[in-house]
Amino acid sequence: MKESVIDVRGVRKRYGEVLAVDDVSFGVSAGRLYGLIGHNGAGKSTLIKLMLGLLAPDAGSITILGEPVLGPRFREVRRRIGYLPENVSLYDNLTGAETLRFYADMKAVDPRGCGALLERLQLAHAAHRPVRTYSKGMRQRLGFAQALLGDPRVLFLDEPTSGLDPEGIREFYRLLHDLKQQGVTVLLSSHNLAQLQDRVDGLALIRSGRLQAAGTIQQLREALNLPVRIHAAWRPDVNGSPQSLLRGFGGCTIDTREDGECTITCAQRDKVGVLSALLAAEHAPRDLRVQEPSLEDVFLGYSAAPEQDDNAQV
Amino acid sequence: MRKFDPRLMLVLARKEFWDRLRNKWVVAVAGIFTVFALVIAYFGTAQGGAVGFHGMDVTITSLVSLVIYLVPLIALMLGYDAVVGERERGSLDLLLSQPISRLELLLGKYLGLAAALGISTVAGFGLVGVVLSYGVGLPALARYGSFVLSTLALGCAFLSLAVLLSVKAANRVTASGMAIAAWFLLVLVYDLVLLGLMVATSGQRYAEVFPALLLLNPADVFRILNVYAMEEMRALYGLATAMPDALSNPWLLGAVMLAWIVVPLALAYRSFRTP
């Protein structure tokens, strides 16, 4: 097991009567893109603030890059961290260039890199305009540029794509992909499960302040034993009803549409068997599509499941 | 123990100062000080049936009455928003995620705002000082210089109080309410209550306690520093007997003023230090 860049152990945080984070443990290895998902108020932002040392945990420990985040070497740790808060709030009276310059000074980063960052985030044209004239998407991009100052090794991004248009979102994930290639570890929280689905290496699902599940999407699917849907279509002249083919697979359901295409719903463990049976049949389908449970299915599956404990390393 | 890094404190102080310079706060406040000071210097004795400049001590006494109302109000309005404003707008978390420590953050904010207030004070009253300097001797100018210095200290004391309120308050509205209440209590009510108590007790029983109580209010410390320190003013106000010499010692008063700057800031840090 690789050493975790982000290591959260038994962390607990209480606000008065409310237990906002309850005994959460997980780790993220270098170069991974890790998603934090959960309902509104589940404790995602609190967890990120704890990881950044903006809040002190009541119990447990957090290390980032091997250092306790509130320890004596906090400056070194923070110079290597980039943070984009949810609904980032920047100083309206500063220009984009001045904003970056200010945070570059804070991180003791060479300010000559600010121009290139503004260019990279497509803000060069607005560099000398006050932030108050920026659109929400532009502010978000400037916030992201700020997080990238000083080539951080770890990025904490809280709802980073809110306010971005589809093109901006694609560009954002392309940038994240490049950063990942360079070994940057990224932890991001999002409501938009469809965006995360094919992009994250691992996930932690937070529910009422507790870690409900953690792992790769595939691990979570398997843990929930969510069924797979297989769409099969035959040529019009072929009667390809698969009823007889699938007798051996218990629990399979078949839903046939008027146009002859049918949707077979079966357990994960039967997936390969069902596909083999379909392909080996005398009248094999002309088209097959396998639809794995989406991240949304996984999320809803866990929302319906009783709360449980789980710790994992991704 | 974390090593204090003055560089980060100054980065923040510079930003705070430039913000106030850019949004014309500094110029506006300097302008207010200049206009009011000029008007008071020349018309301050109008009630006595004469206008014009009547010597430095009289002018300073008139200016003290202005400063004692105006400077605390301006300092409180400048500082109440310092921390709670960033917290409410959501920029505090991003600032705290930087390599800056909480002490550096608080002091950086304070220094930046104090510099803005200081420049306005020195520019505003300095300009008037230049006008008044015509035809007066060096000792009179030195007295004016110490008046400006004590005005700076008064502003810093109330700014320190404002930063404490800003750390303690849950939101900006509460902070502004607390700031107005602080001004009302320390500038308007405090002396009235003391005077009332003094009269009610016929000025006899607690005669030695009242002067000490005056030291608990930075506005009064400022007044004593400027007015009672001047021989002729003491005679004029007839309060020479009320203020024991020991309490009108400028070093003691200076130390008390310094405490009024340091203690609220220290209390603010005590609240702010734990994440």
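This is a predicted model: local features need pLDDT of at least 70, side-chain atom pairs count only at pLDDT 80 or more; totals for chains, interfaces and linings use all residues.

Residues are numbered from 1 along each chain as its sequence is written, and chains are lettered from A and ligands numbered from 1 in the order in which they are written.

**Select chain B.** Chain B has 12 helices and 0 strands, where helices are DSSP runs of H or I with at least four residues and strands are runs of E with at least two, numbered from the N terminus. Of the 275 residues in chain B, 39% are buried, a residue being buried if 20 or more other C-beta atoms, placed from the backbone, lie within 10 Å of its own.

**Select residues 56-79 and 172-200 of chain B.** These are helices H3 and H8, whose axes come within 10 Å and cross at roughly 160 degrees; axes are lines fitted to C-alpha atoms over the stretch in contact, and angles run from 0 to 180 degrees between N-to-C directions. H3(B) and H8(B) are therefore roughly antiparallel, the word for angles over 145 degrees. Now show the side chains: B:Ile68, B:Tyr69, B:Pro72, B:Leu73, B:Leu76 and B:Met77 in H3(B) meet residues of H8(B) that include B:Trp183 and B:Leu186, with contact meaning that the C-beta atoms of two residues, placed from the backbone, lie within 7 Å. The residues of this contact between H3(B) and H8(B) are 11 nonpolar, no polar and no charged, where Ala, Val, Leu, Ile, Met, Phe, Trp, Tyr, Cys and Pro count as nonpolar, Asp, Glu, Lys and Arg as charged, and the others, Gly among them, as polar.

The contact includes B:Ala75 and B:Leu78 of H3(B) together with B:Leu113, B:Leu117 and B:Leu132 of H6(B), and its residues divide into 6 nonpolar, 2 polar and no charged.

**Finally, show chain A beside chain B.** Their contact takes 19 residues from chain B and 24 residues from chain A. Which helix supplies the largest share of the side of chain B that touches chain A? H1(B) does, with 5 residues.

Note on methods. Angles under 35 degrees count as roughly parallel, over 145 as roughly antiparallel, 65 to 115 as roughly perpendicular and the rest as oblique. A residue is buried if 20 or more other C-beta atoms lie within 10 Å of its own, exposed if 12 or fewer, and partly exposed in between; C-beta atoms are placed from the backbone.
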